[in-house]
Amino acid sequence: AAEKLGKSRPAVANALRLLQLPEDLLEALAAGPQRAFDLMDCNGKLGLDVVCAGVDARIAAGVHRYKDLRFVSGIGAYLLSLAEQVIFRGLCRPLTIRADGLDWQERQTAILCICNGRHYGGGFMPVAEARMDDGVLNTLVVKKVSRLTFMKFVNPYSKGQYYKFPHLARCSTPKVIRIRSEKPDIVTCLDGECITSDDVTIQLS
């Protein structure tokens, strides 16, 4: 893990100690079996779990902004950001997406989720079959939808049931994904860290 993260073993060990885990549990972790995981590279930043670049990413970015306001709780920040994006700013943005098995040219896109792992956003599981060691990135694209349809879609989406909406959602398993926009407004959220660009490449590291 240390080599994959580009950090020394002591640095990783110290990071674990900061979690204030019991010493015997830390020793058990150190002595336990090791398993290699795939890492994602998103414009030079490394991540392990999920990259999103649709309305969910914009909502996440808004949460970071709103939670700094006085008297706004964590759930309050989420609700404010949700209302801003879904009601006032709109669900979709035009994106061009290039990947093996996917040619998405300047199409209105509601959700783009690239999954190395399975979970993000407080328990959402967009692609249940995603695995961190299978050598592919399960990539889910959801086309333009109305607000009403989006509300119907969110609960099944959170449980990995995108396949119930074949007219809306498309899933592929590329190793490299490139996202482009005419404007520098692609908000990409990599394991909780949000960046904005007009050209994003996600690939296995």
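**Figure 1. Strands β4 and β9 in the lining of the largest cavity.** In this predicted model, β4 (93-99) and β9 each supply at least two residues of the lining of the largest cavity; strands (E, at least two residues) and helices (H or I, at least four) are DSSP runs numbered from the N terminus. The lining consists of Ala 53, Gly 54, Arg 58, Arg 93, Leu 95, Asp 185, Ile 186 and Val 187. On a 1 Å grid over the protein atoms alone, a cavity is a set of points where a 1.4 Å probe fits but cannot get out, and lining residues have an atom within 4 Å of a point. The volume of the largest cavity is about 50 Å³, where a volume is the space filled by probe spheres set on the points, which are joined across faces, edges and corners. By this rule there is 1 cavity of 30 Å³ or more. Its lining divides into 4 nonpolar, 1 polar and 3 charged residues; Ala, Val, Leu, Ile, Met, Phe, Trp, Tyr, Cys and Pro count as nonpolar, Asp, Glu, Lys and Arg as charged, and the others, Gly among them, as polar.

**Figure 2. Lining of the second largest pocket.** A pocket is an open set with protein on both sides within 12 Å along at least five of seven lines. The second largest pocket has a volume of about 460 Å³. Of its 23 lining residues, Asp 56, Ile 59, Tyr 78, Tyr 120 and Gly 121 lie nearest its centre. Helix α4 gives the largest share of the lining, 6 residues. By class, the lining has 17 nonpolar, 4 polar and 2 charged residues.

**Figure 3. Packing of helices α4 and α5.** Helix α4 (residues 55-66) and helix α5 (residues 74-89) pack at an angle of about 135 degrees, with their axes 8 Å apart. α4 passes α5 in a right-handed crossing. The contact residues, with heavy atoms within 4.5 Å, include Ile 59 and Val 63 in α4 and Tyr 78 and Leu 82 in α5. The residues of this contact divide into 8 nonpolar, 3 polar and 3 charged.

Residues are numbered from 1 along each chain as its sequence is written. Local features need pLDDT of at least 70, side-chain atom pairs count only at pLDDT 80 or more, totals for chains, interfaces and linings use all residues, and side-chain values use heavy atoms, with hydrogens and water left out.

Terms used: Axes are lines fitted to C-alpha atoms, for helices over the stretch in contact, and angles run from 0 to 180 degrees between N-to-C directions. A crossing is left-handed if the near helix is turned anticlockwise from the far one by less than a right angle, and right-handed if clockwise.
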